[in-house]
Amino acid sequence: MTTTHEVTNQPPPRVDFDPLAQDRALFEGLLREGAAAAIPSVGEYGRALSTSKAQLWATQANENPPRLRTHDRHGNRLDEVEFHPSWHELMRLSCSHGLHCSPWREPRVGAHVARAARMYLASETESGHGCPISMTYSAYPALQANPALLARWGPLITSLDYDERALPSSDKRGALIGMAMTEKQGGSDVRANTTRATSLGAGDFSITGHKWFCSAPMSDAFLVLAQAPAGLSCFLLPRYTPEGKRNSFRLQRLKDKLGNRSNASSEIEFDDAFATLVGEEGRGVPTILEMVNHTRLDCVIGAAGLMRRALAEALHHAQHRMTFGKRLAEHALMRAVLADLAIESEAATALMLRLARAYDRRQAGDEGETAFARLATACAKFWICKRAAPMVAEALECLGGNGYVEESGLPRLYREAPLNSIWEGSGNVICLDVLRALAKEPRSLQALLAELEAARGSDRRLDAHLDKLSADLADPAPAEPRARRLVESLALALQGSLLVRFSTPAVADAFCATRLGGDWGLSFGTLPREADAVTILTRAQAQ
């Protein structure tokens with residue numbers, strides 16, 4: 001065969017590295033937020049994810065999406081989901097590192113922060129398998145409303161064994177928990193749900209109805225909302241009845257989604273399915289919100305992880321690609337773009353870890369941190385998840401045509417990026433939740449403002465932003481039309497307060513000048529003239 005050309009000027013594969021060692025914002029955040037003891041285990045997990053084998057699992061799991069098996073060859077109902085072996089390998093790796101349970105399995109200082117770091121690294125590698133991981137982690141605090149259920153399911157939830165077999169819980173080594181709230185006619189308005197629950201006595205119910213979205217339908221049990229005699233209530237619906245028979249839980253079809261391709265989401269029907277009440281009858285929304293609060297935390301973590309992966313890919317390409325006689329990263333215009341992306345990523349990472357620390361303190365009974373988490377979770381969920389999609393798009397463009405090709409991995413990140421802004425409440429739902437907290441839970445605002453005031457005097461632009469924020473909060477005009485601007489302002493203030501206290505002057509100054517001071521254009525890379533892009537980039541790609 002004739003040799004037509006020599007392959008040159010291509011970046012080497014980005015595999016077999018240490019993600020934690022290269023991510024100074026993550027490393028410093030673990031130290032700052034109380035998880036220093038977990039650094040070795042977080043590093044170990046990150047290195048396992050960066051191997052060529054794990055990267056191949058991620059690719060294969062997305063190229064071979066799950067398949068629905070409604071019946072066996074004899075015509076018997078199966079209602080099972082078949083996954084590629086690579087999905088199971090990713091699940092096995094993450095479960096063995098406790099992503100689904102570690103703060104509940106071993107409550108300790110920094111447990112939620114350490115788990116957040118692992119979840120962030122998992123999102124960098126493959127986001128789809130994080131869905132059942134997240135819901136299992138989040139189901140545990142909701143199940144605390146029924147001690148008997150928790151005693152039965154808690155040991156399975158906190159097991160480090162990933163057991164993919166479809167069996168009764170009594171025969172399992174570990175269990176995963178899913179969630180089914182949304183119905184066709186209501187969407188986010190869960191009080192419009194029509195699925196009904198009929199009492200069987202002793203806290204058990206029969207459930208009949210449908211769900212338009214069921215996350216992770218291969219799970220061993222599901223938190224479900226249904227209309228009981230006393231009103232909308234929360235239930236745990238197992239895949240198998242206490243007698244060991246398949247529950248009346250039918251998978252109608254799997255959703256054909258924009259992204260998150262490796263993970264299954266489905267439409268389901270219940271026909272007199274067995275379930276057990278969780279919490280007080282008629283108080284289903286407050287009960288399941290214990291789960292939703294933690295999955296919203298994971299939305300923030302997942303978005304921050306995607307942002308970091310996009311940045312890392314852009315940095316790697318720019319450091320190795322030669323254009324016009326020098327490395328792409330040596331061109332001033334590209335440096336400005338990369339530095340701006342690095343600022344965005346570090347701001348997301350810092351807020352994500354601070355929020356995780358609040359969940360650590362919340363679990364320990366700290367009322368101030370509990371109040372802080374109530375409002376900060378919603379603000380971070382809105383803003384960081386909104387920022388992921390444009391940031392990933394800009395990072396993809398740094399690779400040019402190579403970034404538009406599936407093999408680069410950036411298209412998968414791009415399709416994944418909008419998910420976290422939709423899951424567990426889209427933007428308007430979250431903003432309305434912030435307004436509700438401001439009106440009904442004033443302590444949450446007091447706690448958040450106390451956090452912001454701790455940074456006052458560190459930067460004049462942050463101070464000016466805080467003054468304007470105070471005026472906006474005191475404005476007697478109707479809040480709903482300006483809710484998005486208010487939530488955005490709160491989130492930016494949180495990020496700015498963290499960066500001026502804990503990051504380097506170059507990052508903090510550029511963030512305050514652009515995000516708070518107005519010295520920013522309408523696209524990434526429009527940094528002020530005095531921004532120190534070289535120092536920012538050196539920090540972003542620490543070795």
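Select residues 427–440, which form helix α15; helices (H or I, at least four residues) and strands (E, at least two) are DSSP runs, numbered from the N terminus. The end C-alpha atoms of α15 are 20 Å apart, which agrees with the 20 Å that its 14 residues should span at 1.5 Å a residue; the expected span is 1.5 Å times one less than the number of residues. This is a predicted model, in which local features need pLDDT of at least 70 and side-chain atom pairs count only at pLDDT 80 or more, whereas totals for chains, interfaces and linings use all residues. Residues are numbered from 1 along each chain as its sequence is written, and side-chain values use heavy atoms, with hydrogens and water left out.

Next, display the side chains of Gly427, Ile430, Cys431, Asp433, Val434, Leu435, Ala437 and Leu438, the buried residues of α15. Buried means under 20% relative accessible area, exposed over 50%, and partly exposed in between (1.4 Å probe, protein chains only). The partners against which these buried residues pack include α10 (284–320), α12 (367–398) and α18 (483–502).

Step back to Glu424, in the loop between α14 and α15. Its phi is near 60°, a positive value in a residue other than glycine. Is Glu424 buried or exposed? Glu424 is buried, with a relative accessible area of 9%.

Phi of Asp272 is near 55°, and the residue is not glycine. Asp272 is exposed, at a relative accessible area of 53%.

Now move to helix α5, residues 85–96. Its twelve residues should span 16 Å at 1.5 Å a residue, and the end C-alpha atoms, 17 Å apart, agree with this. Among the buried residues of α5 are Trp87, His88, Leu90, Met91 and Cys95. The buried residues of α5 pack against α3 (39–50), α4 (52–63) and α8 (130–143). Just after α5, Gly98 takes a positive phi of about 75°.

Finally, select the whole protein chain, which has 20 helices and eleven strands. Its C-alpha atoms fill a box of roughly 75 × 70 × 40 Å along the principal axes. Of the 543 residues, 58% are buried. Among contacts (heavy atoms within 4.5 Å) with a separation of 6 or more, 73% join residues 24 or more positions apart.
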